[in-house]
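Please view the sequence and the model together while reading.

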Amino acid sequence: MAWNGRRSPGSPRQVVIFILCVCVWQSGAESLRYSLAEEMERDSFVGNIAQDLGLAPSQLAARKVRVVSEGSQQLFRLNPSSGVLTAKESLDREEICPQRETCTLFFKILFDNPLQMVRGEVEVLDVNDNSPVFPQKEMILKIPETTSPGYRFPIESAHDKDVGTNGLQNYSLEYNLHFSLDVATEETGAELVLERPLDREEQRELTLHLTATDGGSPSRSGTARVRIVVLDVNDNTPKFSQKVYEVRVAESSPPGQLVVRVTATDPDEGTYGKVQYAFTQTSEQFRQLFDLNPDTGEIRVAGSLDFEEMKKHEMMVKATDGGELFSQCKVLVEVTDVNDNAPEIQLTSHAASIPEDAPPRTVVALFSVRDRDSGDNGRTECTIEGDLPFTLTPTFDNYYELRTNAALDRETTAEYNISIRATDWGQRRLSSVERLWVEVSDVNDNAPAFSQELYSLWVTENNRPLVRIGSVAARDADAGSNARVQYALVREEGQEQPLLSVNSESGEVYVVRSLDYERVRALEVRVRAVDGGSPALSAQAVVRVVVRDENDNAPVVLHPGGESGAGELVPRWAPAGYLVAKVVAVDADAGQNAWLSYELAKATEPGLFRLGPHSGELRTARAVAERDAARHRLVVLVRDRGQPPRSASATLAIALLNDFSDVQGRLSHEAPPAEPDHTLTLYLIACLACVSALFLATGLAALLMKLRRDRRKRAEPLPTFPTAVADSDAGSLPRSLVYDVRLATGTLSSDFRFLGPFWPCF
């Protein structure tokens, strides 16, 4: 037979069969509630978010759904394809929520496009996975033999980490003749009741087995031994000065700091009056936080107190005298908050790149700030360090949005290092910093820019085809394909095949074919630079190519013409310096290549004639003498100054005559008549035609202007004379209004050609 103790005496024992289940319901459309049994396997099903919110799974992925658990540890995982919420790992209720009747984990479901948050909670249901445990495997009670029957002896209570029906339910004591077990209330715990007086001489010690059983299915139990030592008589028990001690201590209290001093007195003398203090019915967790001096009753801090983990601590202190009589008191320790936790910044979403044409107020990141302290110590504010084009906007709960507040320019700043500082409002303000890197992606907002508006290049004529003469360069401030520049010539409508070409990648300019300075002396084209953006931007520059002359044309002698030369007549009385003839030559080249010099290459009598080296004038070097030959033949050489020089020659036949009566006869015998120079005649005809055409155009322009002036004057109204004058009986106008009216000859409409006063008016 065993004595049984229960929390609800007289009620039947209940056997509860726990069935693991998942319960879900939705509050409003903004709160989800689920439940999950502890110790479930990893990736256990919690709920279907898509089904509970009435959304299609495709909408979840499109809106970038994600789950964020409150706290630093992420306990749940959300599949965006199916909307199924699962546990990332097996949950231990006793580890997550120690000493709590209800264990609830909170999370948030975040959506983008548009931004939306749905709160949710998961209640972790208890499973009977812990057995009741006594603080001590063996408890010793020293009881005086004079103790009267009915006296109650509190014993150390067992502890079960489980809660509810899975927690501690009853105690049982093995059968004995002296003691019974009674569980009166939850606060007092189990008590041994003395049923029969003890006799130390008959039995010095008794050993009892105490069993604690929980209400799980199957139930679990824990056992401890109770050793009872029978003592001699001690008729006074210690008495505490207070039944309950209430104290407050800051969570930042260092180890060794005094919390409270409990005091109990015993009127007995000797060892029966000496009191010893000890913790009783106190969990191991409290024993690690506080230390009790058994002699003085001083309770000091032994571990690290944390207001955020537990705000209040309750302990039972037992005072025992030398006769093993004891009494108990309760100590309540309230932990006060100290600003010892810096704010925690938790990044929820972050756009690592943002286009530079993003409008102001574009969302860059979403984050939450949490401070585990309370009051002003847990109140936070967020700022951005530095002068950056970003701003923080509070949204819901403790969430903030990082947005742009100005237009961005990648060419000015390609990336930003954003430091977000969260600071609490405690007396000793604590802060934390989260750094974000945001890259500004390029947009094609810059057109290529040439280094010069006009590029001046040159090429020597008679060049080889496709010769490189220079290059153009344009730079685009954009990046990537937006900065890739290609070059092309701008062709006008109806323009002939261009003489230049440009490399589309490098911008090098080439001459397509050989050029002739005498035909083309300069080229001017426009080059367009186009970037690779969409839409593409472009710019233009002018390329001017000057053709340099080469000495590729020999001088051409215009006079004297013909192959046999020209004949000149010189009287015998010609003095020195007499102008005999003038050699005329031209060179199609330019510059130094066209500078001509004249010299006598061959002469019948070298000393008689001299040739001007620059003018080409042939004069007598001395006076003609009678002894000089009647006929002379001169070869004139015309040479340019090119490198290498080119030359041409002409022949002059000169006859010395006393008079000119037989000139024609002599010349006809001396040389056949030379063919007329048609080139000079052609030049003269062309000049005359140009002058005539210019004169005709000027006359036509004057005639057209005169006809236009006449048409304009016909449209003007005739002048109106004053009424007073028209009605005058004098028959004539006053002198001040007398005009001389002159009409043009042949005019039928009587147009006024000139109006002027006939007499001057004084």
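Gln276 stands opposite Thr320, a residue of strand 24. The model is a predicted one, in which local features need pLDDT of at least 70 and side-chain atom pairs count only at pLDDT 80 or more, while totals for chains, interfaces and linings use all residues. Residues are numbered from 1 along each chain as its sequence is written, and side-chain values use heavy atoms, with hydrogens and water left out.

Strand 21 (residues 276-280) pairs with strand 24 (residues 312-320) in the antiparallel sense, over five bridges. Strands (E, at least two residues) and helices (H or I, at least four residues) are DSSP runs numbered from the N terminus, and two strands pair if DSSP finds at least two bridges between them. Strand 24 is also joined to strand 25 (residues 326-336) by nine bridges, and these two run antiparallel. Ala319 has Ser327 in strand 25 as its bridge partner. Strands 24 and 25 form a hairpin with five residues between them, and Glu324 in the turn has a positive phi of about 65 degrees.

An open sheet of four strands has the order 35-42-41-38, with mixed pairing. Strand 35 (454-460) and strand 38 (486-490) stand at the edges with a single partner strand each, so one side of each lacks a neighbour in the sheet. From one strand to the next, the twist averages 30 degrees; axes are lines fitted to C-alpha atoms, for helices over the stretch in contact, and angles run from 0 to 180 degrees between N-to-C directions.

Within this order, strand 41 (residues 522-530) and strand 42 (residues 538-548) run antiparallel and are joined by nine bridges. Val525 has Val543 in strand 42 as its bridge partner.

## Salt bridges

The whole structure contains 27 salt bridges, each a side-chain nitrogen of Lys or Arg within 4 Å of a carboxyl oxygen of Asp or Glu. One of them brings together the side chains of Asp397 and Arg119 (2.8 Å, N to O). Asp397 lies in the loop between strand 30 (390-394) and strand 31 (399-404) and Arg119 in strand 9 (residues 116-125), so this pair ties together parts 278 residues apart in sequence. Arg119 is partly exposed, with a relative accessible area of 36%; buried means under 20%, exposed over 50%, and partly exposed in between (1.4 Å probe, protein chains only).

A further salt bridge joins Asp182 and Arg152 (2.7 Å, N to O). Asp182 belongs to strand 13 (residues 179-183) and Arg152 to strand 11 (residues 152-154), 30 residues apart. Glu138, Glu205, Arg225 and Arg227 are linked in a network of salt bridges.

## Cysteines

The structure holds one disulfide, a term for a pair of cysteine sulfur atoms within 2.5 Å. This disulfide joins Cys97 to Cys103, with an S to S distance of 2.1 Å. The link of Cys97 and Cys103 is right-handed, with 55 degrees about the S-S bond. Both Cys97 and Cys103 are buried.

Cys690 counts as exposed, at 54% relative accessibility, whereas Cys382 counts as buried, at 15%.
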